[in-house]
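Dear colleague,

I am handing over a structure to you with this email, and I would ask you to keep it open while you read. My notes on what was found in it follow below.

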Amino acid sequence: MERYEDINEIINRYLKPIFSFTLKRTKTIQDAEDLAQEIAIKIYKNLKNIESVYNVDSYIWRIAHNTIANYYRSNSKIFLGVNIDDISEKIKCEKTDIEENHIKNESINKLKDKIAYLSKLQRQIVILYYYEGKNQEEISQLLDIPKGTVKWHLFDAKKELKKGMENMDNKVSELKFNPIKFSFMGVNGSIGKEGGTSNFFKSSLAQNIVYSIYVEGKTINEIAELLSVSPVYVESEVEYLEEYSFLTRLPGNRYISNMLLDEVTEEKLYLIDTMYKNASKLIANDIFDEVMKSEIIKSENLYYPEEDKNFLMWTLVLYIISQSKSSEDNPIKFEDIATIRKDGGCYIASASIDNPFLKKPDIYKYADNWFGPLWNEYDNTILWQINSNWCTRNINLDTYADISQRDIKLINRYINKDNLSSEEFSYLAEKGYIRGSIGKDDLNIVWIKDSDTRDALLYIGYKIKLKYKDYLSNIKSEYITIALKNTPKHLRKVREFELQDIFKCNGLFLLYSLMELLESGRLQEVEDEHKKKSLNTLLITNS
């Protein structure tokens, strides 16, 4: 353990090296001085509040690196030629000739660079008209503006695009003027101390870096050229993403993405919607009917508050779907393809590419608030949950692992009739795990008390999946073919693993199943405010 006497002496010794460090990584002397000062202040405050560190030199340079990495991420939006965070459109640009003689003789690469400097509305209209092939009437409807406004902007944009075209010789990518944006970021597995996928991709720069190297590896300079960004800023972001295993370094200092990306198309949406609607009509409805007529529902080892079967089935059906064995073999194991990350996380990271002009099925409006299934285990007790629009609980994915551990311990003490403090009792009540006042309280969640009851319920799900095995295999085959076709070779096995559970613990399929149960009248919306807090929460003991 290294000790230090004079913090001022340490700061003075490192000031010049820190300034040199920041000067090499910023565009102006002023930025370098500001960052060096910020780093020095952080070092001073941190050293003042702790007695000793193992290695002062390592400690100081870690602060310097983290500070400048945060600087790059927070300022990345200004380095792409346009304010990427303000761009709400992701349009699929086909490489076709410019039509109607508007810009016949100009280089397409020069045109793309110039488009980045149009106003936001003009940029939308130009991309939709020239690259997406939409006519003026269709653009008018998509953007909800008069057709005359579309026509005027096309005329005005034509004049703007012609200005200065001769001076633009750099070959740029469509990502320069048409950057992608993640609309959904997912986690399959357990997160670490730094949280889930969304915590690492808050900046548009990070999102576009990963997208640009999804199919093939590129060097930092190649990525920078593709995005028209200084290699200095790309390098810092790449180092950060590689550190947490979202990128893999290849020979020749090339980098390639290590996460699954999905570009949503009309064809995919149609296949998913048709596939999940048909499958949920069979699986969800049959599981509901079989459980309701089984003797298990009367078992003393299955608890649910106030004998409310509707509340019970909100949880049981989705749990059975997600946890019962598939009718097919699953040759790929999670531990064979999951990524172990620096912060202790072990998960598959994924993201969908936003396309605001694509009309999605109505069910997708419920997807933003859907988390799960989520579960955690402690001392042979499992807590299983889903967060949705229908419950009033608000799960924070970043803190779920630690909080759910605490919840399991407290619930276990409650059901074992241990004495709880008033604070602990209030905590469980606030979370919806229990209801009523002290002395008149009761458990407010579904509770499977032993592994035999759990296994009997899961066997119902297995039998039903086996019953429809051939049909399910047939309806998912076309989607699987397209999904694998659009997945790069180095991520193929990861995608195959995800597709194994397409009718199991896939969150979107569970959402479709829930909607089917509601629409068929098997489930009714829960009105009780106490039960809304604990909806889709299941405790399993002696597991």
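**What was found**

Arg406 lies over the face of Tyr427, at 4.0 Å from the centre of the ring. Please keep in mind from the start that this is a predicted model.

**The aromatic rings**

Phe246 also belongs to an aromatic cluster, which it forms together with Phe182, Phe200, Phe201, Tyr240 and Tyr244. A pair of aromatic rings is described by the distance of the centres and the angle of the planes, and you will meet both values in what follows. A search of the whole structure finds 18 aromatic pairs. One of them is formed by Phe200 and Tyr240, which make a tilted pair with 5.9 Å from centre to centre and 35 degrees between the planes. This pair links distant parts of the chain, since Phe200 is in helix α9 (residues 197-200) and Tyr240 is in helix α12 (residues 231-243), 40 residues apart. Phe200 has a relative accessible area of 2% and is therefore buried, and Tyr240, with a relative accessible area of 14%, is buried because the cut-off for that word is under 20%.

Phe200 also pairs with Tyr244: the ring centres are 5.0 Å apart and the planes stand at 50 degrees, so this pair is tilted. Here too distant parts of the chain are linked, with Phe200 in helix α9 and Tyr244 in the loop between α12 and β5 (247-250), 44 residues apart. Both Phe200 and Tyr244 are buried.

**The open sheet**

If you now turn to the strands, you will find an open sheet of five strands in the order β8-β15-β16-β12-β11, with mixed pairing. Its edge strands are β8 (302-303) and β11 (371-378), each of which pairs on one side only. Between β8 and strand β15 (residues 446-448) the pairing is antiparallel and runs over two bridges, and within it Leu302 stands opposite Ile448 in β15. Helix α16 (residues 400-415) lies across β11, β12 (381-387), β15 and β16 (537-540), and it runs at about 60 degrees to β11.

The side chain of Gln385 makes a polar contact of 3.0 Å with the side chain of Tyr400, and another polar contact, of 3.4 Å, joins the side chains of Gln385 and Tyr433. When residues up to four places away in sequence are not counted, Gln385 touches several residues, among them Phe371, Gly372, Arg393, Asn536 and Thr537.

**Phe184 in strand β3**

Finally, please look at Phe184, which has its place in strand β3 (residues 182-190). Phe184 is partly exposed, with a relative accessible area of 43%. Leaving aside neighbours within four places in sequence, Phe184 is in contact with Ser350, Ala351 and Ser352. The C-alpha atoms of Phe184 and Asp368 are separated by 8.0 Å, although these two residues are 184 residues apart along the chain.

With kind regards

Definitions and conventions. Residues are numbered from 1 along each chain as its sequence is written. This is a predicted model: local features need pLDDT of at least 70, side-chain atom pairs count only at pLDDT 80 or more; totals for chains, interfaces and linings use all residues. Side-chain values use heavy atoms; hydrogens and water are left out. Two strands pair if DSSP finds at least two bridges between them. Helices (H or I, at least four residues) and strands (E, at least two) are DSSP runs, numbered from the N terminus. Contact means heavy atoms within 4.5 Å. Axes are lines fitted to C-alpha atoms, for helices over the stretch in contact, and angles run from 0 to 180 degrees between N-to-C directions. A polar contact is a pair of N or O atoms within 3.5 Å; within protein, one must be able to donate a hydrogen and the other to accept it, and residues adjacent in sequence count only if both atoms are side-chain atoms. Buried means under 20% relative accessible area, exposed over 50%, partly exposed in between (1.4 Å probe, protein chains only). Rings of Phe, Tyr and Trp (its six-membered ring) pair if their centres lie within 6.5 Å; planes under 30 degrees apart count as stacked, over 60 as edge-to-face and the rest as tilted. A charge sits over a ring if NZ of Lys or CZ of Arg is within 6 Å of the ring centre and within 35 degrees of the ring normal.
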